[in-house]
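Subject: Structure handover

Hello,

Here is the structure I promised to pass on. Please open it first, then read my notes below.

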Amino acid sequence: YSDDRIWDQVEATLENEGFLVYRIGEVLNQPGLVPNNGNIIDLAGQVKRAIDLVKAQTGASKIHIVAHSMGGLATRFYIRTNYQYDLDKLVTLGTPNEGAPIARGPIAQFFGNVQGNSSLDLARVQMIPGSTFLQLLNSNFGTRGVNHTEIAGTFLDSIVLLAQPSYAFRITDSIVPRSSVNIPNIACFQNRNAHNDFLLGAAYY
């Protein structure tokens, strides 16, 4: 459920650096990954389709991806399972690589039902720490040559803290703990922004 302002800032910053920027929703002619709370394994297929279309349009053999939250999991699953060695760099923003404890709680269930496109809400279940999906994704993890950088936010919203008291003892962006974003041996930067803060991505660049 990314705020479009995140991508407005990232797109403007990258274009200023000379990059040609495509949003996945524009490439696939749909509102981002659909359904936005669907099976992440299926969403990884949409990531591959978007990559193929951008390569065909530009003639590039490799592209860069900037992914927020669950989008990073979908991209990593593509790299793990159906990778065509067509990514140069991957930057993930607030991606719950080890899951988000809040995903098992009532707030996440509420937003999954209200803002989600799928009544099954599989993505939320898959992002619960220790889920079968995350175990599969992280087992014998390797980047397969992709230059991967992570960005973790560190701003904890007091309202979220009331709903998820355990976050008082963790560094988190209000949704995803920094320890979940940070995969061992992958460069991880942090800034004092919340999970959906529109400056989360642009701060890196």
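Does Glu11 count as buried or exposed? Glu11 counts as buried, because its relative accessibility is 18% and the cut-off for buried is under 20%. Keep in mind that this is a predicted model.

**Overall fold**

The protein has 9 helices and 4 strands. From the N terminus, the order is α-α-α-β-α-β-α-α-α-β-α-α-β. The C-alpha atoms fill a box of roughly 50 × 35 × 35 Å along the principal axes. The radius of gyration is 16 Å. A compact globule of 205 residues would have one near 17 Å, so the two agree.

Buried residues make up 47% of the 205 residues. Look at the contacts with a separation of 6 or more: 71% of them are between residues 24 or more positions apart.

**Charges and salt bridges**

The protein carries 15 positive and 17 negative charges. Their mean positions are 8 Å apart. Side chains of opposite charge can pair when their charged atoms come close. A search of the whole structure gives 6 salt bridges. Here are some of them.

Back to Glu11. Its partner is Arg23, and the closest N and O atoms of this salt bridge are 2.7 Å apart. Glu11 sits in helix 1 (4-16), while Arg23 is in the loop between helix 1 and helix 2 (24-28), so the pair ties together parts that are 12 residues apart in sequence.

Next, Lys48 and Asp52. Their side chains form a salt bridge at 2.8 Å, N to O. Both residues lie in helix 3 (residues 40-58). They are 4 residues apart, about one turn of the helix. Asp52 is partly exposed, with a relative accessible area of 28%.

Lys55 and Asp86 also meet in a salt bridge, at 2.8 Å from N to O. Lys55 is in helix 3, and Asp86 is in the loop between helix 4 (70-81) and strand 2 (87-93), so this pair ties together parts that are 31 residues apart in sequence. Both Lys55 and Asp86 are buried. Salt bridges with shared partners join Lys48, Asp52, Lys55 and Asp86 into one network.

**Backbone points to check**

Most residues other than glycine have a negative phi, and most peptide bonds are trans.

- Pro35 is in the loop between helix 2 and helix 3.
- Ser69 lies in the loop between strand 1 (63-68) and helix 4. Its relative accessible area is 12%, so Ser69 is buried.
- Asn140 is in the loop between helix 7 (132-138) and strand 3 (147-153). With a relative accessible area of 74%, Asn140 is exposed.

Which loop holds Phe169? Phe169 is in the loop between helix 8 (158-163) and helix 9 (178-181). Phe169 counts as exposed, because its relative accessibility is 76%. Its C-alpha atom is separated by 13 Å from that of Pro101. Phe169 and Pro101 are 68 residues apart along the chain.

Best regards

Note on methods. Residues are numbered from 1 along each chain as its sequence is written. This is a predicted model: local features need pLDDT of at least 70, side-chain atom pairs count only at pLDDT 80 or more; totals for chains, interfaces and linings use all residues. Side-chain values use heavy atoms; hydrogens and water are left out. Helices (H or I, at least four residues) and strands (E, at least two) are DSSP runs, numbered from the N terminus. The radius of gyration is taken over C-alpha atoms; the globule rule is 2.2 Å times the number of residues to the power 0.38. Buried means under 20% relative accessible area, exposed over 50%, partly exposed in between (1.4 Å probe, protein chains only). Contact means heavy atoms within 4.5 Å. Lys and Arg count as positive and Asp and Glu as negative; His and the chain ends are not counted. The place of a charge is taken as NZ of Lys, CZ of Arg, CG of Asp or CD of Glu. A salt bridge is a side-chain nitrogen of Lys or Arg within 4 Å of a carboxyl oxygen of Asp or Glu.
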